[in-house]
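Subject: Structure handed over, with notes

Hello,

Here is the structure for your files.

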Amino acid sequence: MPALFFQQQLVITKHTMQPLNTHTILLCDAQHLNIDKFDLNTLLSPFELAVITRRKSNKAKQEYLATRLLLKYLVKQSSPEFAKLPAHHISSEFDEPSSKLLIHITGSNTVFSSCLSHSNGFVGAALNIERIEFGFDIEKISTKRPFEKLAKHFYHPDEVNLITQNQQQGAERFFRIWTLKEALAKATCQPIAKLLSPNVFDQLTQAHLRAVSCQYNEFDVSVVSNQSTDWQCSVVNTIDQLRGVLNF
């Protein structure tokens, strides 16, 4: 039994202004962002402005703005040469051929790979500076969803057994398996639909990938990588913590 995958292995700490490990995932609750209080023209690139304008719901706008601010903060903190660069000169654009969200810098050939996740207003962002196989996922644990029915319809029989044999932890196991599958999909640039029915634990072994996971409040978080599992999560209490670096 893959008991290790259901243990708390991923460390989540409160964010400070100390130098960031390049293996840092920033987390933030975007639900309290008041979009109207931000000068989006100074924070978002023309491409990003066009994208956020197309977002219909306020929640979608909040999540989009929060993830982009986290990414820009990570770029400026991890790369001293871009520390004084205006935020709107850092642009996140999805690249279809690589299935990656790439970060472009105005006036530079530097391109960063990145990874995002969001669930019910809780968002996360990370840079993949080494371009390794890497992905992470966040999902809210909901006991109201028919998780056993969903597992029996989509998951591998061995995964269903793991969920149904422990009624008290059934929901937690369902969502742990889900975040592992999503993180694996992002790390290997595969559609999640291809990874729903295979056994995710076998898939991780066959791909020579390692995974760490944990629960944070009502959310499950998993990280998959082909190198070290020293990825750490840092929670930004409010976007105001980013103000000094992003100059807003």
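How close do the axes of helix H2 and helix H3 come, and at what angle do they cross? Bear in mind that this is a predicted model. The axis of H2, which covers residues 46-54, comes within 9 Å of the axis of H3, residues 58-78, and the two cross at roughly 155°. Angles over 145 degrees count as roughly antiparallel, so H2 and H3 are roughly antiparallel to each other. The crossing of H2 past H3 is right-handed.

On the H2 side, the contact is made by Glu48, Val51, Ile52 and Thr53. They meet Lys61, Tyr64, Leu65, Arg68 and Lys72 of H3. By class, this contact of H2 with H3 has four nonpolar, one polar and four charged residues.

The contact of H5 with H6 divides into four nonpolar, one polar and three charged residues.

The largest cavity holds about 50 Å³. Its lining consists of Leu20, Asn21, Thr22, Thr24, Leu74, Ser78, Leu127 and Ile129. Four residues of that lining are nonpolar and four are polar, with no charged ones.

Regards

Methods
Residues are numbered from 1 along each chain as its sequence is written. This is a predicted model: local features need pLDDT of at least 70, side-chain atom pairs count only at pLDDT 80 or more; totals for chains, interfaces and linings use all residues. Side-chain values use heavy atoms; hydrogens and water are left out. Axes are lines fitted to C-alpha atoms, for helices over the stretch in contact, and angles run from 0 to 180 degrees between N-to-C directions. Helices (H or I, at least four residues) and strands (E, at least two) are DSSP runs, numbered from the N terminus. Angles under 35 degrees count as roughly parallel, over 145 as roughly antiparallel, 65 to 115 as roughly perpendicular and the rest as oblique. A crossing is left-handed if the near helix is turned anticlockwise from the far one by less than a right angle, and right-handed if clockwise. Contact means heavy atoms within 4.5 Å. Ala, Val, Leu, Ile, Met, Phe, Trp, Tyr, Cys and Pro count as nonpolar, Asp, Glu, Lys and Arg as charged, and the others, Gly among them, as polar. On a 1 Å grid over the protein atoms alone, a cavity is a set of points where a 1.4 Å probe fits but cannot get out, and a pocket is an open set with protein on both sides within 12 Å along at least five of seven lines; lining residues have an atom within 4 Å of a point. Grid points are joined across faces, edges and corners, and a volume is the space filled by probe spheres set on the points.
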